[in-house]
Amino acid sequence: ILFESIMLRTFLLCAITVIAHAELAKVPPMGWMSWAQFGCITDCAKHPDGCINEALYKAMTDSLVSEGYLELGYNTVHIDDCWPEKQRNARGELVGNKERFPSGMKALGDYMHSKGIRYAIYSDVGTKTCGGYPGSKGYYDIDAKTFASWGVDYLKMDGCYDNRQGYYKDYPATGQALLNSGRNITFSCSWPAYLGSDEDTKPWKDILAAGCNLWRNWDDISCHWSSVVSIINHWGNYSKVLDSVAGPGHWNDPDQLVIGSDGCYVGGNGLSVAESQSQLSLWSMMAGPLIMSNDLRKVKQEFKEILQNKEVIAVNQDPEGHQGARIATLNDHDVWARKLSGGTMAVVLLNRGESAAKISFSYKQVGWSSTQANLRDLWTHKDLGTHSQGYEAMVASHGVVHLKLSAA
C-alpha cells in the first residue's frame, strides 16, 4: 500500500507539473537573446558596447520598444551565461556580477517590465554553467525563489556539468521548483541537446513530464548559412517525431535567429538577405521560438524588414500550434508544409542549392484537400490568384518562396 501511495503521489505531481507549465508559452516565445552575438564577453573596458552587463540589456530593451519589435511580439530580453558572481552569497543565493550589474538583477528586471518587456535569465542544472559560473545543482529551490523575487518570467536551463542520468531528476526538480516559486516562469530546457542527434530515441515523455515549455534539441547555431541549413536539414530528417511532441505549451527550439548580425561571438559573418528570409520562414514553419541574437542598435534596414515581416510571424504564432514538416526533398530542393488555423496552410519552397531553380508542389502532396487554392506570397505581400492542382516558382539560391493557401 505504501509503495502504491508513493507511486500515485509521484504520478499526480508529474501530471500537475505538466498541466501547470502547459499554461505558459501557448505560442512559440519571441524576443532577443545575448548569446550568439555577445556570448561571454565580460571585459567591459575593451568592449564597452558589447559586454555582458546591465547597460547592454537595457539598450536591447529600449531597442525592442523604439524599433517596433515589441509591437510585433518580440517581447522578452534573455540574459544568457556569464552574468553572476563566481561565488554565491552567504545565504546560498546567486548574485549578479557587482561590477557589470551594479544596480542588481531585480532592478534590471524592473527596468524591463517598465518598458513592457519580459525578463529572461539563464542557469544550468549542473554544478557549473557552460561558462564556468555557479550552476543550480543542489540549489534548485533557492534559485527558483531568487528568480521569482527578481521578477523573472523565463528561465533557460542549460545542461553542462551534469550527465544523462542526472537529467532525469534534475530537470524535473527544476520544473517543480519553478512551480513552487509562486511566479509563472516559462521553462526552457536543454536536456535533448545533450543526448545526440537521434530525435527518435530521446525520452520525450520524461521531458514533457519535467514541465519543459520548450527545449533545445540539437547543435548550437553559428552566424553562417551552413549552420542554419544543417539545422533545417535536421528538423526535416526528424519531422515526424518532432511534430509529435510539439504544440501549445511545449515547443522544439532550433536556436536563435541570427538575422541582422554581421559577425558574432559564436562564429560566422552573418547571413545574406535570401538566407535571412529562409531562416525566418523555416523557423516559422517549424514553430520554433523567434528569439533574435544580433545587435539591435546596428541592424540594417533590409534585415529589420525581414525580422518584422508580420505575415511570416503570423505563421509562427498560429494559435493551433501545429509544427510544419518537410514533405519532399530532392537535389537541394525542399517542400515544407504546415497546417494553420481557419483551414489555411503555409507552404515553403526552399532552395539549398548554389543557383536559382524552379521548385514545384502539388496540393495532394502537401495535404491540401481541394484541387484549387488561393495563393499569397508572404515575402512579396502579393496575392497570386487562384491556382489548380499545385504551383511552381523560381526560387533564389539559398532562398525561399513562402506561400499561404486558402480556400478558393
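In this predicted model, Ile232 touches Leu282, Trp283, Trp336 and Leu350, not counting residues up to four places away in sequence; here contact means heavy atoms within 4.5 Å. Ile232 lies in helix α8, where helices (H or I, at least four residues) and strands (E, at least two) are DSSP runs, numbered from the N terminus. With a relative accessible area of 0%, Ile232 is buried, a label that means under 20% relative accessible area, with exposed meaning over 50% and partly exposed in between (1.4 Å probe, protein chains only). The C-alpha atoms of Ile232 and Asp110 are separated by 37 Å, and the two residues are 122 residues apart along the chain.

Residues are numbered from 1 along each chain as its sequence is written, and side-chain values use heavy atoms, with hydrogens and water left out. Because the model is predicted, local features need pLDDT of at least 70 and side-chain atom pairs count only at pLDDT 80 or more, while totals for chains, interfaces and linings use all residues.

Helix α8 itself covers residues 225–237, which makes 13 residues. From its first C-alpha to its last, α8 reaches 18 Å, close to the 18 Å expected at 1.5 Å a residue; the expected span is 1.5 Å times one less than the number of residues. Buried residues of α8 include Trp225, Val228, Val229, Ile231 and Trp235. What covers the buried residues of this helix includes the helices α9 (239–245) and α10 (273–285), along with the strands β7 (251–253), β9 (325–330), β10 (333–339) and β11 (345–351).

How do two helices sit against each other? Two packed helices are described by the angle between their axes and the distance between the axes. The axes of α8 and α10 come within 11 Å and cross at roughly 25°. Axes are lines fitted to C-alpha atoms, for helices over the stretch in contact, and angles run from 0 to 180 degrees between N-to-C directions. The crossing angle makes α8 roughly parallel to α10, since angles under 35 degrees count as roughly parallel, over 145 as roughly antiparallel, 65 to 115 as roughly perpendicular and the rest as oblique. This crossing is left-handed: the near helix is turned anticlockwise from the far one by less than a right angle, whereas clockwise would be right-handed. At the contact, Trp225, Val228, Ile231 and Ile232 in α8 meet Glu275, Ser278, Gln279, Leu282 and Trp283 in α10. The residues of this contact divide into six nonpolar, two polar and one charged, where Ala, Val, Leu, Ile, Met, Phe, Trp, Tyr, Cys and Pro count as nonpolar, Asp, Glu, Lys and Arg as charged, and the others, Gly among them, as polar.

Leaving aside its neighbours within four places in sequence, Thr146 is in contact with Glu93 and Leu94. Ala148 also lies in α5 and is buried, with a relative accessible area of 15%.
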